Amino acid sequence: MSLLDVWKEKNAQPQHGKGLSTKQAQQLLAEGGKNQLKQKKAVSPARIFVNQYKDILTMILLISTVISLFLQEYVEAIAIAAIVLLNGVMGFIQEYRTERTLEALRKMAAPTAKVYRDGEITVIPADEVVPGDVVLLEAGDRVCADLCVTECFSLSADESILTGESQPVNKKVCRRRVTENELNCDDLMYMGTTITQGHGEAEVLATGMDTQMGKIAGMLHQIEEEETQLQKKLGQLGKFIAIGCLIICVIVSVTGILRGENPLDMLVVGVSLAVAAVPEGLPAIVTIALALAVGRMVKQKALVRKLHSVETLGCTNVICSDKTGTLTQNRMTVTQISTLEMAIPLDDKLRFPERSVEHRAALCCALCNNAVLNNGELYGEPTENALMFFADRNGTPLKEVLRNYRRISEIPFDSKRKCMSVITEDLSGKRMLWMKGAFDVMADKCSQIQSAQGERVFSASVKRKMSEENDKMAGKALRVICTAYKKLDPGVPPTEDGLTMLGLVGMIDPPRPEVKKAVALCSRAGIKTVMITGDHKLTACAVAKEIGIYREGDTVLDGKQLEAMSQEELEREAEYTTVFARVSPKHKLSIVTALQKRGNVVAMTGDGVNDAPAVKQADIGVSMGITGTDVTKEASDLILLDDNFATLVNAVREGRAIYANIRKFIRYLLSCNIGEVITMFLGMLMGMPVVLLPIQILLVNLVTDGLPAIALGLEPPEKNTMNVRPRQKNEGVFSNGLLSKIVFRGIFIGLSTLASFVTLLDMSGGDVNVARTGAYFTLVVTQLINVFECKSETRSLFGISYFNNKKLIGAALISLAILLCTIYVAPLQTILNTVSLQKGYLGILLGYCFIPTLMNTLSFCVRRKSKGTR
């Protein structure tokens with residue numbers, strides 16, 4: 001029979017003095033609203049779609065579309081419009097799909113509450129709970145609102161999602177008048193926390209946004225979202241290209257008009273230059289590359305909510321992580337037992353000999369315990385579960401203990417006694433008292449101590465020795481439980497004195513197995529890992545030291561020290577601090593802000609509501625998909641579907657790789673576009689006919705350039721991706737000499753294309769179509785060679801690996817096939833104004849195609865030699 005059934009039977013007659021009537025509850029619900037946290041207004045699909053068209057490059061393309069329609073260049077207009085639409089659709093699909101995934105995660109939980117209504121116990125939806133309701137609580141329940149405890153029977157709650165504390169909080173009946181809803185009160189219970197032990201009743205004090213969880217959720221609305229670094233850099237690039245287009249178009253138009261050219265013809269040339277200057281495929285290729293990266297990350301259990309967040313991961317240099325449940329398993333585990341003779345570290349293979357001191361201590365942990373074994377699963381509060389698991393693993397199997405011993409009575413644990421005792425009877429009828437609790441309490445109740453040779457007097461020197469061992473274990477951040485027993489004589493009333501101490505049992509919430517390796521990888525990659533927790537300073541330091549976050553010389557700060565600091569002092573100290581302990585949600589937010597003001601790119605991980613404000617403030621907010629609360633998921637940019645810290649490190653690696661690939665295809669596309677502009681610009685200044693028609697340039701930019709650029713975005717991560725420091729937050733997209741490489745290559749692409757045009761114009765007797773076709777051929781082939789050079793920023797064409805990206809080879813072959821079709825297939829010749837080229841022309845053109853490669857290789861050798869001589 002469940003607790004609910006017991007209470008229903010006990011309260012079969014209406015108790016009109018307890019709880020609210022249905023009419024009162026309905027009135028309060030109408031006045032105060034539902035017991036819900038306010039959620040950010042859902043973005044409509046239409047709004048998500050429109051947001052895809054706000055960057056400058058897209059706007060330039062839209063303007064070009066309008067001008068092309070005005071000039072009746074319908075093929076160009078349709079082509080540009082198609083690529084703009086494709087870019088928008090790709091971004092829309094990713095963001096819309098992610099929002100639907102989050103909605104599904106929210107709907108997975110449908111909490112209820114047991115309350116008195118009209119004097120009867122009723123189960124209602126949690127969002128219909130109102131202030132004044134009396135709620136029934138039992139182990140395993142999630143607290144539906146902020147409550148004031150009115151009845152309490154060994155009641156304790158896990159409040160880690162609010163406070164970060166891994167230890168359950170023991171509750172007591174509220175004997176005061178509550179005038180303010182405060183946190184960290186042992187007579188109040190809080191929305192979202194979980195009952196770990198006992199049962200009781202409580203009156204609803206606050207609901208919805210008035211709860212402690214609601215106050216934290218309200219802090220999220222005060223934090224404004226900023227653009228990611230990639231969005232800012234692409235915006236700057238768009239402005240740069242827009243200004244360049246305007247200047248070039250003005251120069252060409254003025255030059256042409258001064259030479260007596262028709263102004264309308266100059267407008268056509270201006271549009272041609274705009275089409276040549278703007279990398280039409282760049283927005284779509286960035287979107288596609290990010291979407292593909294997101295797809296790979298989902299397979300690795302990381303859900304990205306916004307595409308551009310992937311790139312920000314790549315420049316993260318500080319990861320702030322919550323301890324409980326993120327770095328640790330959120331599962332208490334016994335790791336050491338200390339007796340009079342020795343301290344023994346525990347593992348799965350160790351089994352204590354029967355009748356040994358350690359075996360008897362394990363038996364005490366199993367018998368003096370309220371955890372319940374059901375179908376192989378333990379149900380109890382974390383400490384009880386840990387002790388029971390230790391007894392089963394290292395002592396006597398639980399099934400055998402339960403078969404051989406019967407509990408007679410119990411004096412439960414409470415915060416004043418700091419101990420618990422039970423009386424058991426074995427199969428022979430012998431009765432024993434078993435007791436566990438804090439060492440200082442237990443030491444006063446013991447007169448003997450068990451040793452390997454038998455019982456010894458618990459003298460002052462022995463007590464001092466065990467006290468020192470207790471302090472030593474506590475110094476390792478272990479929670480220490482002292483065990484003892486007493487043989488009971490028949491007919492003699494049992495008392496809690498004259499006990500025989502068995503030993504000290506130490507437990508801790510252990511780190512996740514994969515975290516130490518992940519932290520080491522972060523360190524190698526130049527990423528600082530910081531622990532931010534509400535837990536004890538000693539506990540936090542011990543865990544941080546074990547997994548490699550804390551090292552000798554690092555600073556450790558707690559909440560009291562943070563309260564005494566100004567924001568400027570915190571900014572200075574944050575640079576050298578690796579552990580922040582006993583912190584509140586407000587402190588977490590201040591820490592993240594302080595690190596950001598020092599120029600750091602900060603990722604903040606968390607699962608509890610207490611983490612949500614800091615998660616939203618961070619450059620990359622990371623929440624847990626399994627244990628994370630809805631509030632934290634809403635605030636995050638990235639959700640770890642497996643709650644695994646190592647998954648975040650994999651996401652950082654992916655972020656670095658995708659940024660490197662973005663630089664590669666920006667280098668490729670812009671060098672190609674510069675080559676096109678130089679071809680058109682110099683041709684115009686030299687008084688030549690238009691070297692390339694807008695439709696030809698558009699085909700090059702969207703098809704023959706676009707496919708290889710997308711494939712370049714799929715380059716596998718380089719071996720040293722996580723062996724270098726992250727780039728600076730303010731580092732430009734053209735840093736480390738990328739702009740000079742782009743311009744240098746672009747100049748020679750333009751000169752080679754122009755040389756092909758001039759040569760074939762002369763050889764064909766002035767046939768402009770032949771010359772344009774030759775220039776078109778040279779431009780495409782030169783760019784297809786260039787795409788392989790862009791695979792590496794540190795190696796030349798002759799030092800790269802050609803076959804590690806087969807998609808790139810395939811894309812280059814498809815682009816080459818399209819080029820040949822547009823030159824030799826009659827219908828396509830009509831659309832693009834091309835002609836078939838003679839074999840003699842092809843040999844000359846191929847010679848021109850390799851000139852930029854030759855110059856680039858010579859330049860690379862000179863740079864390498866120059867660096868080698870320094």
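Q: Helices (H or I, at least four residues) and strands (E, at least two) are DSSP runs, numbered from the N terminus. Which helix is Pro45 found in?
A: Pro45 belongs to helix H3. A word on the model first: it's predicted, so local features need pLDDT of at least 70, side-chain atom pairs count only at pLDDT 80 or more, and totals for chains, interfaces and linings use all residues. Residues are numbered from 1 along each chain as its sequence is written, and side-chain values use heavy atoms, with hydrogens and water left out.

Q: Why is Pro45 called partly exposed?
A: Buried means under 20% relative accessible area, exposed over 50%, and partly exposed in between (1.4 Å probe, protein chains only). Pro45 has 41%, so it goes in the middle class.

Q: What makes Asn35 count as buried?
A: Its relative accessibility is 7%, so it falls in the buried class. Asn35 lies in the loop between helix H2 (22–32) and helix H3 (45–50). Leaving out residues up to four places away in sequence, it touches Ala126, Asp127, Val129, Cys144, Ala145, Met191, Thr207 and Gly208, where contact means heavy atoms within 4.5 Å.

Q: Is Ser156 buried or exposed, and what makes it so?
A: It's buried, because its relative accessibility is 2%. Ser156 is part of strand S4 (residues 146–158), and its contacts include Pro168, Val169, Thr194 and Ile195.

Q: Why is the pair of Phe744 and Phe748 called tilted?
A: Rings of Phe, Tyr and Trp (its six-membered ring) pair if their centres lie within 6.5 Å; planes under 30 degrees apart count as stacked, over 60 as edge-to-face and the rest as tilted. By this rule there are four aromatic pairs. Phe744 and Phe748 form one with 5.1 Å centre to centre and 55 degrees between the planes, which makes it tilted. They are four residues apart in helix H28 (residues 738–763), so about one helical turn separates them.

Q: What makes Arg360 sit over the ring of Tyr485?
A: The rule asks for NZ of Lys or CZ of Arg within 6 Å of the ring centre and within 35 degrees of the ring normal. The charged end of Arg360 is 5.0 Å from the Tyr485 ring centre. Likewise, Arg727 lies over the face of Tyr659 at 3.3 Å from the ring centre.

Q: How do you know that the span of helix H17 agrees with expectation?
A: The expected span is 1.5 Å times one less than the number of residues. For the 16 residues of H17 (residues 460–475) that gives 22 Å, and the end C-alpha atoms are 22 Å apart, so the two agree.

Q: Which residues of H17 are buried?
A: Val462, Met466, Glu469, Asn470 and Met473. They cover an arc of only 105 degrees around the axis, so they're on the same side of H17; the arc uses directions from the helix axis to the C-beta atoms. The face turned away from that side carries exposed Ala460, Arg464, Asp471 and Lys472.
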